Amino acid sequence: MIRLTNRQARQFMLLKQGLLGKYRFEGKPGALAFVRQAGCIQFDPVDACGKNAELTLQSRVKGFTKGMLGELLYEDRRLVDYPDKNLSILPARDWPCFERYRRAARESGRQFPELAQLEVLTKEYIEKNGPVSSDDLPIEREIHWHSAIHWSGNWQGNTKAARAVLEQLYSTGELVIHHKKGTRKYYDLACRHLPRELLSAPDPFPDEFGHKKWRILRRIGAVGLLWNRPSDAWLNIWGLTTAERARAFDELEAENRILSVEVEGLRHRLYCRAEDLPLLEEVIRGADHRPRLEFIAPLDCFLWDRKLIEALFGFEYSWEIYTPKAKRKYGFYVLPILYGERFAGRIEAVCEAKTQTLVVKNVWYEEGVRFTKKLEAELEKSLRRFARFNACGEVRWLSGGENGR
């Protein structure tokens with residue numbers, strides 16, 4: 001049994017995430033390395049000050065630009081868009097591991113006879129004309145369709161036939177996203193962009209429970225420390241039951257692939273990947289790490305288990321984007337502010353593209369956080385960097401938007 005103080009557990013998670021001390025990840029290779037460490041990063045199309053996946057990388061990859069993610073996805077093809085923890089971006093090398101979902105999509109598609117003919121026509125059109133969006137595909141009608149791997153679970157209803165057939169072929173793996181223009185997706189044949197050996201590779205986890213166990217291990221590695229409790233960290237692991245999750249934890253521990261960790265003040269044990277033992281030992285030995293101030297993405301893998309974050313860091317966070325305006329405590333798109341080993345507050349900032357200005361609408365500081373000259377300097381420095389990340393040349397505070405100063 002490994003025993004950690006609360007502070008040591010926080011330090012371990014932050015160091016594992018690359019959010020404390022010197023940057024562990026740098027440039028485009030660092031962005032790829034982090035996604036591989038996390039297994040996947042969540043994608044969300046809302047762009048107030050960067051999309052979620054971009055925000056996740058900017059907080060821990062030195063010198064990250066939005067173009068780097070686009071290159072890794074649509075030029076280098078080292079990453080792919082595909083459902084994992086809901087809509088996600090994952091390493092292309094993990095393509096074979098999701099064959100069961102592509103197979104489920106193929107089986108689901110057979111329920112709709114008219115879809116088969118549309119699939120043939122669509123692939124022929126793309127073969128001849130290249131990448132296509134649903135607006136460009138010349139299919140003008142609606143069909144009743146059921147998506148097997150829709151990000152929010154099984155979905156069905158009447159939809160535009162062009163959209164349905166493109167998403168179906170994307171779900172079965174016959175198409176990949178070629179590029180995006182804003183939120184519009186353009187699809188192309190997968191065989192044009194992914195290696196044949198990757199497309200034809202067998203599922204490395206033919207056993208259903210083996211697949212679930214692999215994904216649980218992957219999610220533990222994504223967060224750093226996790227407990228065997230209900231959590232959003234397990235989202236979209238199809239059919240995972242409480243009993244299966246407990247069995248997976250038991251087997252992974254017996255196989256020495258995860259380690260049990262007892263944390264001061266927590267009733268439930270936490271677990272980390274066994275490969276992270278050197279980092280745990282480094283934390284236990286004690287070392288000083290330079291604090292950084294970072295803005296954390298709403299769906300960041302670090303926050304996948306918000307009850308755990310509250311238990312360890314004393315920080316309660318709710319993404320209020322879908323909360324009615326009158327009921328919001330903070331704002332539409334608010335990012336947690338991480339400063340050193342604690343959450344110092346939260347910030348609402350929006351990018352005004354026309355004026356190339358990052359507008360800071362408000363900052364809320366956590367109770368007990370003293371607004372010192374040092375904190376002010378770190379915040380201003382991070383805002384300038386955040387403005388560059390958003391291609392903004394200026395940072396402007398709204399009047400009255402410095403709550404807590």
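Predicted model: local features only at pLDDT ≥ 70, side-chain atom pairs only at ≥ 80, totals over all residues.

Me: Understood. How many helices and strands does the chain have?
Reply: The secondary structure consists of 13 helices and 17 strands.

Me: And what are the spans of the C-alpha trace along its principal axes?
Reply: They are about 65 × 55 × 40 Å. The radius of gyration is 22 Å, which agrees with the value near 22 Å for a compact globule of 405 residues.

Me: Let us turn to the sheets. In what order do the strands of the 3-strand sheet run?
Reply: The order is β1-β11-β12, in an open sheet with mixed pairing. Its edge strands are β1 (2-4) and β12 (270-273), each of which pairs on one side only. On average, neighbouring strands in this sheet are turned by 40 degrees against each other, direction ignored.

Me: Which helix packs on that sheet?
Reply: Helix α11 (residues 277-285) does, and it touches β1, β11 and β12. The direction of α11 makes about 45 degrees with that of β1.

Me: In what sense do β11 and β12 pair?
Reply: Strand β11 (residues 258-263) pairs with β12 in the antiparallel sense, over 4 bridges. Within this pairing, Val-261 has Leu-270 of β12 as its bridge partner.

Me: Now the 5-strand sheet. Which strands belong to it?
Reply: This open sheet has the order β13-β14-β15-β16-β17, and its pairing is mixed. β13 (293-295) and β17 (394-397) stand at the edges with a single partner strand each, so one side of each has no neighbour in the sheet. The twist from one strand to the next averages 35 degrees.

Me: How many bridges join β13 and β14?
Reply: There are 3 bridges between β13 and strand β14 (residues 334-339), in the antiparallel sense. The bridge partner of Glu-294 is Leu-338 in β14.

Me: Changing topic: how many cavities of 30 Å³ or more are there?
Reply: A search of the whole structure finds 4. The largest cavity holds about 50 Å³ of space.

Me: Which elements give two or more residues to the lining of the largest cavity?
Reply: They are α4 (66-74), β5 (79-81) and β9 (175-181). The largest share, 3 residues, comes from β5.

Conventions:
Residues numbered from 1 in each chain as written. Heavy atoms only, no water. 1 Å grid on protein atoms, 1.4 Å probe; cavity = no way out; pocket = protein on both sides within 12 Å on 5 of 7 lines; lining within 4 Å. Points joined across faces, edges and corners; volume = space filled by probe spheres on them. Pairing = 2+ DSSP bridges. Axes fitted to C-alpha atoms, helices over the stretch in contact; angles between N-to-C directions. Contact = heavy atoms within 4.5 Å. Rg over C-alpha atoms; globule rule 2.2 N^0.38 Å.
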